Amino acid sequence: MPLHVLVLGGTTEARRTAESLVAAGGFRVTSSLAGRVARPKLPPGEVRVGGFGGAEGMAGWLRAHHVDAVIDATHPFAGTISFNAASAAAAVHVPLLALRRPGWVPVEGDRWHLTDSLDGAAELLPGLGSRVFLTTGRMGLAAFAALDALWFLMRSVDAPEAPHPARMEVLLDRGPFSLEGERELIRIHRIDVLVTKDSGGDATAPKLTAAREAGIPVVVVGRPPVPPGVPVAGTPQEALALLRNLTSA
């Protein structure tokens, strides 16, 4: 019987992991999507959409569907589900690994201001600029809602809901983004500060280069930790190799 692998994701890495597992053979793959994006790119294999009902609900799903291993390939900032997955996998005694794309590293010329939360980013902004390019996604905009003196260009895949900043223009777009396109956004909208999460990867990294070229500061929100004891892979290929080791032990 093929090993049933649950891939938690919705990220590019999750989709590529599902592709690698299907291509490798010997795996039954189910990808779980949170359902927060209206038109997600679907991976190969089986797909489920929606939450599990916390760690207990996920553990019940793993049992009911005879899952043999879990790959947590969620967004680096989807912290709650990662800890739920760790609890659920431990409860049903199945191996779990995390796939996390490498984080960004500042280079010469970067003017980064590091913080560990969106609230922390909001506290920094008034002293850094007045026209903000906000690329942290549509979740968590309430942290910036009280900054009435600032103007925001907010980019996300889907339209945001209130509460959000009063002076805000919404740009609906999905990466990858080009360097030339990011330069134009900064120029046209007279952006003087960028806010981003340390999502890592290449798809949205050009904004960092464009900000460095323009000499504007960047507020970088650091990642939440991976649950203790969970092995981490940096690429889908590493995840496949680690999965084979974990399931053959």
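Author: Let us begin with a rule for reading sheets: two strands are said to pair if DSSP finds at least two bridges between them, and the strands themselves (E, at least two residues), like the helices (H or I, at least four), are DSSP runs numbered from the N terminus. What you have here is a predicted model, in which local features need pLDDT of at least 70 and side-chain atom pairs count only at pLDDT 80 or more, while totals for chains, interfaces and linings use all residues. Residues are numbered from 1 along each chain as its sequence is written, and side-chain values use heavy atoms, with hydrogens and water left out.

Reader: How many helices and strands does the protein chain have?

Author: The protein chain has 7 helices and 12 strands. Its radius of gyration, taken over C-alpha atoms, is 19 Å, close to the 18 Å of the globule rule (2.2 Å times the number of residues to the power 0.38) for 249 residues, so the chain is as compact as a globular protein of that length.

Reader: In what order do the strands of the open sheet that includes β1 stand?

Author: In general, strands of a sheet pair through backbone hydrogen bonds, either parallel or antiparallel. Here 6 strands form an open sheet with parallel pairing, in the order β3-β2-β1-β4-β5-β12, and its edge strands, β3 (46–49) and β12 (232–233), each pair on one side only. Strand β1 is joined to strand β2 (residues 27–33) by 7 bridges, the two running parallel, and L8 has S32 as its bridge partner in β2.

Reader: Which strands does helix α1 touch when it packs on the sheet?

Author: To read packing, we use contact, which means heavy atoms within 4.5 Å, and directions, for which axes are lines fitted to C-alpha atoms (for helices over the stretch in contact), with angles from 0 to 180 degrees between N-to-C directions. Helix α1 (residues 12–24) touches β1, β2, β4 and β5, and its direction makes about 165° with that of β2. Helix α2 (residues 54–64) also packs on this sheet, touching β1, β2, β3 and β4, with a direction at about 150° to that of β1.

Reader: Which way do the side chains of strand β4 point?

Author: In a regular strand the side chains alternate between the two faces of the sheet. In strand β4 (residues 69–72), A69 and I71 point one way, V70 and D72 point the other way, and all are buried, where buried means under 20% relative accessible area, exposed means over 50%, and partly exposed lies in between (1.4 Å probe, protein chains only). Strand β1 (residues 3–9) pairs with β4 in the parallel sense over 4 bridges, with I71 as the partner of V7, while β4 pairs with strand β5 (residues 96–99), also in the parallel sense, over 3 bridges. From β4 the chain crosses through helix α3 (residues 79–92) to β5 in a right-handed β-α-β crossover, a term that applies if, with the strands pointing away from the viewer, the path from the first strand over the helix to the second runs clockwise.

Reader: Is T17 buried or exposed?

Author: T17, which is found in helix α1, counts as buried because its relative accessibility is 2%. Not counting residues up to four places away in sequence, T17 touches I71, L99 and P236. T17 and E238 are 221 residues apart in sequence, yet their C-alpha atoms are 9.6 Å apart in space.

Reader: Where is H189, and what is it in contact with?

Author: H189 lies in the loop between α5 and β10, and at 14% relative accessibility H189 counts as buried. Leaving aside neighbours within four places in sequence, H189 is in contact with R131, W151, L153 and E169.
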